[in-house]
Amino acid sequence: MLILAIESSCDETAAAVTNERQVLSNIVSTQIDEHKIYGGVVPEIASRRHTEAISLVCNQAVYEAGIKYTDLDAIAVTFAPGLIGALLVGVNFAKSLALSLGIPLIPVHHLRSHIAANYIDNDNLHPEFLCLTVSGGNTIITKVSDYTTFEPLGGTKDDAAGECFDKTARALGLSYPGGVTLDKIATVADYKKYPLPYPKLSDNELDFSFSGLKTAVINLIHNANQKNQEIDIPVLAATVRNRVCDMLIDHTLLAADKFGYKKIALAGGVSANSELRSRFSEECKKREIQLFYPQLKYCGDNAAMVGVQGYYEYKSGNIGDSFLNATATLPINYK
Ligand code: KG4
């Protein structure tokens, strides 16, 4: 089933052609250089750049797949959650395309598609499994009971892990997107030099809180600046990375233990983090848990993952129509 998938939920305009789990083309036009100047994504600029790029990106995806628009069987599009203006560009473009070609429109939830990025290169991954999805806007542990059945077990009560990385990196003077830069320059963590909190929540032990950690790092940097003390940036970066990884790994393994899962998948932009991948691999090996993660190019926002999830949404009858609207927030287990 040939699907043209479209993704425009944040600062990447992406299109891909997929056939079930196979990726025939995957085009990503990133706006990072433009948002870098402001230290974060400016929603208005994001919407404008999506509008400029979307038809070129789709044409390129169809061309590189070696097909014609008329060969397509369906159009899949990210419709939620994300920046509303940015999502609307993709949704409206997808609706027009599906209508003009007379083919089905498939609405895809952004976090579901991040999870589906794992299916691309892991032929042996099938639900049920546990997934930790960590990105710039989300941190959530989910039971993936079926391709379109999800049960959130815990999530962040404030900032996402990616936001914690991005904001602390910005305070350290590192360029946007901070998580990537912080991961590159981090050396060895040292909690004696830079003591950082490990927030725990009493209501649900699988929930996360990252805002206290973010504030602690920012305060530490301000205090040092006021006293004219130099910060050892690579060590502080490593200490923050280590703390975030501690929380992500501990909570996910706790969930795996509690619910008896022997298969764990990682998803989202932060799943590209080098320490997260290596420590998870070690821990899962010790526990004889199978660990899956996407190739680096499928960790961040892309449309290949939208096409793959779109295929499963289509199979379970989730088809959209011309009334489909973009939605800024929507739980992964929406009905
Ligand atoms: O999934 P994504 O591309 O966009 C969202 O849907 O949010 O995730 C972007 C986030 C940013 O916060 C970025 O700093 C973070 O992923 N990120 C990383 C790494 N690569 C990307 N964080 C830590 N280490 C990395 N290597």
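Modeller: The account below begins with the chain as a whole and then turns to individual backbone positions. The model is a predicted one. Its chain contains 10 helices and 10 strands. The radius of gyration is 20 Å, close to the 20 Å that the globule rule gives for 335 residues, so the chain is as compact as a globular protein of that length. The C-alpha trace spans about 65 × 45 × 35 Å along its principal axes. Of the 335 residues, 53% count as buried. Among contacts with a separation of 6 or more, 75% are made by residues 24 or more positions apart.

The chain is divided into two parts: domain 1 comprises 2-116 + 298-315, and domain 2 comprises 125-293. Their centres, taken over C-alpha atoms, are separated by 27 Å. To the contact between them, domain 1 contributes 18 residues and domain 2 contributes 21 residues.

Against this background, the backbone can be examined in detail. Most residues other than glycine have a negative phi, and most peptide bonds are trans. Two cis peptide bonds deserve attention here. One joins Ala80 and Pro81, with omega at about -20°. Pro81 lies in the loop that leads from strand E4 (74-80) to helix H3 (84-101). Another cis peptide bond links Tyr176 to Pro177, and its omega is about -5°. In this case the proline, Pro177, is found in the loop between helix H5 (161-171) and helix H6 (178-185).

Positive phi values form the next topic. Glu20 is not a glycine, yet it has a positive phi of about 55°. Its position is in the loop between strand E2 (12-19) and strand E3 (22-30). With a relative accessible area of 38%, Glu20 is partly exposed. Asn228, likewise a residue other than glycine, has a positive phi near 60°. It is found in the loop between helix H7 (211-226) and helix H8 (233-259). Asn228 is exposed, and its relative accessible area is 74%; the cut-off for that term is over 50%.

Finally, the surface and charges of the chain complete the picture. The chain exposes about 14,200 Å², of which carbon and sulfur atoms supply 50%. There are 30 positive and 37 negative side chains, and the centres of the two sets lie 4 Å apart.

Technical notes:
Residues are numbered from 1 along each chain as its sequence is written. This is a predicted model: local features need pLDDT of at least 70, side-chain atom pairs count only at pLDDT 80 or more; totals for chains, interfaces and linings use all residues. Side-chain values use heavy atoms; hydrogens and water are left out. Helices (H or I, at least four residues) and strands (E, at least two) are DSSP runs, numbered from the N terminus. The radius of gyration is taken over C-alpha atoms; the globule rule is 2.2 Å times the number of residues to the power 0.38. Buried means under 20% relative accessible area, exposed over 50%, partly exposed in between (1.4 Å probe, protein chains only). Contact means heavy atoms within 4.5 Å. Accessible areas come from the Shrake-Rupley method with a 1.4 Å probe; for residues, only the protein chains shown count as cover. Lys and Arg count as positive and Asp and Glu as negative; His and the chain ends are not counted. The place of a charge is taken as NZ of Lys, CZ of Arg, CG of Asp or CD of Glu. Domain bounds come from an automatic or database domain assignment.
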